Amino acid sequence: MTDPTDAPAPLPASFPTPERPLPPGGPAAVAERVRAALGAVLPEHGAGPAALDALAALVRAETVQPRHPHTAAHLHGPVLAASAALDALIGELNPSMDSWDQSAAPSVIEEELVAALAGLCFGATASHPGGTVTTGGTESNLMALMFARYEAIHRAYDTDPAEEGIPSYAAGRIKILTSAVAHFSLARAAALLGIGERAVVPVPIGPDHRMDPQALEETAARLEADNHLIAAVVGTAGTTDAGAIDPLAECARIAHRRGAWFHVDAAYGGGLLFSDRRRPMLDGIEEADSVSIDLHKFGWQSIPAGVLLARDRAAFGPLARRVAYLSALDDERAGYPNLLDRSVRTTRRADAVKIVATCQALGRAGLAALIEHCFALTAHTAAAVRARSEFELAVEPALTTVLFRYLPRYGDPDRVNAALRRRLLAEGSAVIGRTELPGPDGKPNGPGSLRLKLTLLNPQTTPEDLDRLLDLVAAAGAAEDLPS
Ligand SMILES: Cc1ncc(COP(=O)(O)O)c(C=O)c1O
């Protein structure tokens, strides 16, 4: 067991904290400075190595810095040195994962990584798990819904949607049920897969932003009674704003009773698999048919580091291709693996290597300790928000985001909160998030729903850093609090 009182594991090496979280002045000022310093991007004659120094200095000075403790808007975290180091090596060696003769070791390393993560996720419940490294939750979710679409259409109509398209008699019948606050990439995936965004049916959420399982049951029953085909239920393990984790075990039961695919979008919360203490929050994930995990979120990887896991590696079958220049049959018979069923991409970076570097450098307990530190920061910040009369906490944190707002004395709360965030950005003093509180149907709850968001993913941030950040927010709020 991970002892929750363990101090964070010493990082194998870490980068210095940057001076400020972002360049000052806002978009127009940054664009002006960058254009002035950049010069011609394609000169007739190159400047050699001097060009690199100049460009690196410019990018370093004018880029948002997720390593600064006052950068806390998005699921966009600082990078561990172990990840960055092997990311640079991969940049240099440039292996590509679409055939063995462009990769060799990285294709084996990816397989081992997938096996280890599938073991953490599915345990002994999956006898032939599979998976792949992706560019992130968007690609993972697309692939998962592609698997679900294949399964549903193949089972119901004995046809392959990848070959034949969606049969006309199935069009409009296929449905995917998600929480009303599921990530937008799922709806976009449905559009890309030809079943249309309207195929994604939002299921109401409770006040804790979790999908209501009774509403899921009722929605599924109503759709079936209307002769719809439920291809998939998607549970979210860590919604983007509130970090809410849907009741995964109940979602799994409701999906599987109907023969539907159960996908878990654990892009945010998947990292909890590393922690014995937090793993129970994901109970039910082991029942999933597929799971998206982003290690560039809770995992501190350089972008991209998505992972898609499947309970049964056969799910990837429809992606397999026999291509003369990449996957000749006699090569495969001679022991050269056909890697073309791993991805929707062809040329593919060996991102598994940097992930394994991190896993080996920190170990599971080391990663769990970093996660624990982020939970502690979140509890501290939520308590500080609650204790200060100028703030209002919106919802109890579920993972490591804090949703709150500044309470103005005079001005309209939505306007003041939006303006104070832009003020911090323009000053170059903090990057905090904004969003809108949803109603049960996932739609913004009307005027008064704007909230600020702190996404706490930085294991090197201290509680004092966050106290100072709240001071900055309060000062910016007071400066913007003018009568509307
Ligand atoms: C819950 C969830 N799913 C999917 C995604 C998309 O992930 P990516 O940006 O890595 O494609 C996000 C992004 O924040 C997310 O929060």
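**Close-up views of a predicted model**

**View 1. Asp87 and Lys354 meet through their side chains in a salt bridge, with 3.6 Å from N to O.** Because Asp87 belongs to helix α3 (residues 81-93) and Lys354 to helix α11 (residues 352-387), the pair ties together parts that are 267 residues apart in sequence. The model shown here and in the following views is a predicted one. Asp87 is buried, its relative accessible area being 17%, and Lys354 also counts as buried, at 1% relative accessibility. Through salt bridges that share partners, Asp87 and Lys354 are joined with Arg349 and Asp351 into one network.

**View 2. Arg257 and Glu217 form a salt bridge in which the closest N and O atoms are 2.5 Å apart.** Arg257 lies in helix α9 (residues 248-257) and Glu217 in helix α8 (residues 213-225), so this pair ties together parts that are 40 residues apart in sequence. Glu217 is partly exposed, with a relative accessible area of 23%.

**View 3. Glu372 and Arg278 form a salt bridge whose closest N and O atoms are 2.6 Å apart.** Since Glu372 is found in helix α11 and Arg278 in the loop between β6 (261-266) and β7 (290-294), the pair ties together parts that are 94 residues apart in sequence. Glu372 counts as buried at 9% relative accessibility, and Arg278 counts as buried at 15%. For the model, the count of salt bridges comes to 27.

View 4. A polar side-chain atom of His296 lies 2.9 Å from an oxygen atom of the ligand, while for Lys297 the distance from a polar side-chain atom to a ligand oxygen atom is 3.2 Å. From Gly137 it is a polar backbone atom that is placed 3.0 Å from an oxygen atom of the ligand. Of the 390 Å² of accessible area that the ligand has on its own, the protein covers 83%.

**View 5. Leu38, Val41, Leu42, Leu55 and Val59 make a nonpolar surface patch of about 510 Å².**

Key: Residues numbered from 1 in each chain as written. Predicted model: local features only at pLDDT ≥ 70, side-chain atom pairs only at ≥ 80, totals over all residues. Heavy atoms only, no water. Patch = residues over 30% accessible without salt bridge, like charges linked within 9 Å, V, L, I, M, F, W, Y side chains within 5 Å. Areas by Shrake-Rupley, 256 points an atom, 1.4 Å probe, with all protein chains shown as cover. Salt bridge = Lys/Arg side-chain N within 4 Å of Asp/Glu carboxyl O. Polar contact = N/O pair within 3.5 Å; in protein donor to acceptor, adjacent residues only side chain to side chain. Helix = DSSP H or I, 4+ residues; strand = E, 2+ residues; numbered from the N terminus. Buried < 20%, exposed > 50% of the residue type's maximum accessible area, 1.4 Å probe, protein only.
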